[in-house]
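Here are my notes for you, written as a list of points to go through one at a time. Keep the picture open next to you while you read.

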Amino acid sequence: MSKKVRVRFAPSPTGGLHVGGVRTVLYNYLFAKKLGGQFIVRVEDTDQSRYVPGAEEYIFDCLRWCGLEPDESVQHGGPYGPYRQSERKTLYREYAAQLVAAGHAYYAFDTTAELEQMREKFRSTENPSPQYDHHLRLKMRNSLTLPAEEINKLLAAKTPHVIRIMMPVGKTVSFQDMIRGEVCFDTSLVDDKVLLKADGMPTYHLAVVVDDYLMKITHAFRGEEWLPSAPVHLLLWQYLFGWEEMPQWAHFPLLLGPSGKLSKRDGAKYGFPVFAMNWQDPKTGETTEGFREKGFLPSAFINLLALLGWNDGSEKEIFSKGELIASFDMARVHSSGAKFDYEKAKWFNHEWIKRTSASELLPLVSNTFGKANLQVTNVALLEQVITLVKDRCTLLTDFIEQGSFFFKRPTQIDTGSILPKWSVEKSTFFDQLIHYYQQTNSWTAAALEKICKELAQTHQLKTGELLLPLRIMLVGGKFGPGVFDIACLLGKDETLERLAQAKRLILQGV
RNA sequence: GGCCCGUUCGUCUAAGGGCUAGGACACCACCCUUUCACGGUGGUGAUACGGGUUCGAAUCCCGUACGGGCUACCA
């Protein structure tokens, strides 16, 4: 019997949650759910200088919207808390001390200025970013170069210092990535990463290993940008807990924008959302649009994200969350990056709107209308409208153009599209149409169409030339579903009033 | 610069040694529809390059090119 699967998503609460992050959550979630495991969210807030108020709450709101609820987290509790690294601060120092004692790490007293000096001094064309590595550590102020008494004195005086890992020279470390297979590194080429910062907080490198161990994480998944620091984590696992305890790793391919790793800037530049939900930066007040506010359905959002780097081997593209859980397989996740395509993203949403029932869409559309200052009281009518127009809505916001006129008379009538082809014959026709519609007792789309077409024939007019004006008279412009469906749903009184009103406007314009 | 990862239509991808390299988005044309969509039919369009291995390579190996990531007391 193997260990119970436990995976984690470890976001840093520094701003909006972008699609790459959501996909990482999604793959974690799918993997855990498929295997009956647990999905944990751990907040990595070890950098106090980057703390952004509200960001943590926002991340959980995004997960809730996506339907990717954690089993354990700051908000959900659990037996392995606290789930916020800042609250686990005291725990990390002893592990760091343990490493120093074993000779795998050392104290470094170099100030920021000294580090900068070092980089300045060794920077060259061949080496544009000098590393604090096995060459340079002997030239710096640390517990490897300083005499013992001075080290003790500095420590006793509480001199600010960090603890760095001492990377071995000339060793090869390797591991099996679930997606990429074996990946090897030469330890001589990796620098002595800081493990514990001067403020006592751990860096990501120490924290991720310690917490994954303490939280009994069995599978550690993250973006490909972490691959270069994997040797540090591998060594820490070996030194601290032994390789038998180490989770299995998988590094997900990156989500790319038009030029490299997808960024917030790409969204602004090319006009598509990058964050899951609207994010307002509390410092600048700047708001970045999210998929939710843009009009995406959560089902479509996770569907499109899942397919960016994974597929089930068949030609199936539309997957519900349940289907994703059932078919997800880490072995079928790609190793190459995927460029985000907003057109395809919209296609997914359109497909989901078409497939989602009107009753399920109802609260979402109602909410969308509300944001456009349109309060709907007739819920039954709204549901009928949704049924009628959802096939032509790509985003939830499209329901406004396609359906708001059912609840609000058009304030503008596009008479410009009617007048050039207006005629006395048409004028008479519409007068009579209004008359016949007044008389009829069967107010159905089919009946209204029949009346209209027969009357057109009597007047020797082409139906095609009448339908457009009729539409515009009812809705204000060239949009919406079938014109007789509109009239039918609008009801007799409202239809007749709109026709009469529009007729007056047209006559004014002639 | 160094290290790591990658490379099939413009984009997402299928094909894990063997048929004309399949699908989807987008695009184009036609049909349906006398708004716009939906739907239907068809079309344009790809194995980066060079070497191997093999009867046979998109697929395995090497090199080159190109792309991306990392190179902070950020994650």
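**Notes on the protein and its RNA**

1. Start with a base of the RNA: a backbone N or O atom of D110 lies 3.0 Å from a base nitrogen of RNA strand B. Keep in mind that this is a predicted model, and that the distances here come from its atoms.

2. G480 also reaches a base with its backbone: one of its polar backbone atoms is 2.7 Å from a base oxygen of RNA strand B. For a phosphate example, go to R332, where an N or O atom of the side chain is 3.5 Å from a phosphate oxygen of RNA strand B.

3. Which residues come nearest to RNA strand B? Out of the 65 residues around it, the nearest are E126, R180, K197, R392 and T463. On the RNA side, sugar and phosphate make up 68% of the atoms of RNA strand B that come within 4 Å of the protein.

4. What sort of residues are these? The surface near RNA strand B has 25 charged, 22 nonpolar and 18 polar residues. Helix 12 gives the most, with 5 residues. Several elements supply at least two residues each, among them helix 4 (112-122), strand 6 (181-186) and helix 18 (463-475).

5. Strand 10 (residues 255-257) pairs with strand 11 in the antiparallel sense, over 2 bridges. If you want to find one on screen, go to L256, whose bridge partner in strand 11 is K261.

6. Next, salt bridges; the count comes to 33. D211 lies in helix 6, while R88 is in the loop between helix 2 (55-66) and helix 3 (89-101), so the pair ties together parts that are 123 residues apart in sequence.

7. Are the two partners buried or exposed? D211 is buried, at 0% relative accessibility, and R88 is buried too, at 4%. They also belong to a network of salt bridges that links R8, R42, E44, R88, D211 and D212.

8. R123 forms one with E120, with the closest N and O atoms 3.2 Å apart, and R123 is partly exposed, at 38%. E293 forms one with R292, at 3.1 Å between the closest N and O atoms. Here E293 counts as partly exposed at 22%, and R292 is partly exposed at 35%.

9. Last, go back to helix 6 (residues 204-214), which is where H205 sits. H205 is buried, with a relative accessible area of 12%. Its side chain makes a polar contact of 2.8 Å with the side chain of H233. Beyond its neighbours within four places in sequence, H205 is in contact with K193, V194, L195, S229, V232, H233 and L236.

How values were computed: Residues are numbered from 1 along each chain as its sequence is written. Chains are lettered from A and ligands numbered from 1 in the order in which they are written. This is a predicted model: local features need pLDDT of at least 70, side-chain atom pairs count only at pLDDT 80 or more; totals for chains, interfaces and linings use all residues. Side-chain values use heavy atoms; hydrogens and water are left out. Two strands pair if DSSP finds at least two bridges between them. Helices (H or I, at least four residues) and strands (E, at least two) are DSSP runs, numbered from the N terminus. Buried means under 20% relative accessible area, exposed over 50%, partly exposed in between (1.4 Å probe, protein chains only). A polar contact is a pair of N or O atoms within 3.5 Å; within protein, one must be able to donate a hydrogen and the other to accept it, and residues adjacent in sequence count only if both atoms are side-chain atoms. Contact means heavy atoms within 4.5 Å. A residue is near a molecule or strand if one of its heavy atoms lies within 4 Å of it. Ala, Val, Leu, Ile, Met, Phe, Trp, Tyr, Cys and Pro count as nonpolar, Asp, Glu, Lys and Arg as charged, and the others, Gly among them, as polar. A salt bridge is a side-chain nitrogen of Lys or Arg within 4 Å of a carboxyl oxygen of Asp or Glu.
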